Amino acid sequence: MLLPVYGREVTSSAPWCGRWWEHPEAVAQLHGLWLAWGELTGPGSDKSGPASWHRDYLAAVMDSLRSPQGPFAGCKPDMHRPKQTPVVDAVDPFGPPPRPV
């Protein structure tokens, strides 16, 4: 439902990836969007739930996903570009300090 209704034209300033499920950030944001939809439109919800979902969730998620610096940056129609995960040091910042050698 999302793309047929809210999927605007793909451009370099508003990218989309046809393999969106291979972008963990996109999956996390879309999952949250889906959960918010269920909470705001499910049984016992206010009649204004869909309007609240559009105002409070949809625009922010779509703007984030389709940002030129977002998870689909570098992807083009019919071309997926995997993202490299940032390197994380093996040192535990909450653990004991390293022992001097």
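Student: What makes the lining of the largest pocket nonpolar, polar or charged in this predicted model?

Tutor: The residues of that lining divide into 12 nonpolar, 1 polar and no charged. Leu, Met and Trp count as nonpolar. Among the 13 lining residues, those closest to the centre of the pocket are Met-1, Leu-2, Leu-30, Leu-33 and Trp-34. The elements that give two or more residues to this lining are H1 and H2, and H2 gives the most, with 6 residues. The space in the pocket is about 320 Å³.

Student: What makes the lining of the second largest pocket charged in part?

Tutor: Its residues divide into 5 nonpolar, no polar and 4 charged. Asp, Glu and Arg count as charged, and the lining includes Arg-8, Glu-9, Asp-63 and Arg-66. The largest share, 4 residues, comes from H3. The volume of this pocket is about 210 Å³.

Student: How do you know that the span of helix H3 agrees with its number of residues?

Tutor: Helix H3 covers residues 49–65, which is 17 residues. At 1.5 Å a residue it should span 24 Å, and its end C-alpha atoms are 23 Å apart, so the two values agree. H3 also bends by about 35° at Tyr-57.

Student: Why are some residues of H3 called buried?

Tutor: A residue is called buried because its relative accessible area is under 20%. In H3, Gly-49, Ser-52, Trp-53, Leu-58, Val-61, Met-62 and Leu-65 are buried.

Student: What covers the buried residues of H3?

Tutor: The cover includes helix H1 (2–6) and helix H2 (24–41).

Key:
Residues are numbered from 1 along each chain as its sequence is written. This is a predicted model: local features need pLDDT of at least 70, side-chain atom pairs count only at pLDDT 80 or more; totals for chains, interfaces and linings use all residues. Side-chain values use heavy atoms; hydrogens and water are left out. The expected span of a helix is 1.5 Å times one less than its number of residues. The bend at a residue is the angle between axes fitted to the seven residues ending there and the seven starting there. Buried means under 20% relative accessible area, exposed over 50%, partly exposed in between (1.4 Å probe, protein chains only). Contact means heavy atoms within 4.5 Å. On a 1 Å grid over the protein atoms alone, a cavity is a set of points where a 1.4 Å probe fits but cannot get out, and a pocket is an open set with protein on both sides within 12 Å along at least five of seven lines; lining residues have an atom within 4 Å of a point. Grid points are joined across faces, edges and corners, and a volume is the space filled by probe spheres set on the points.
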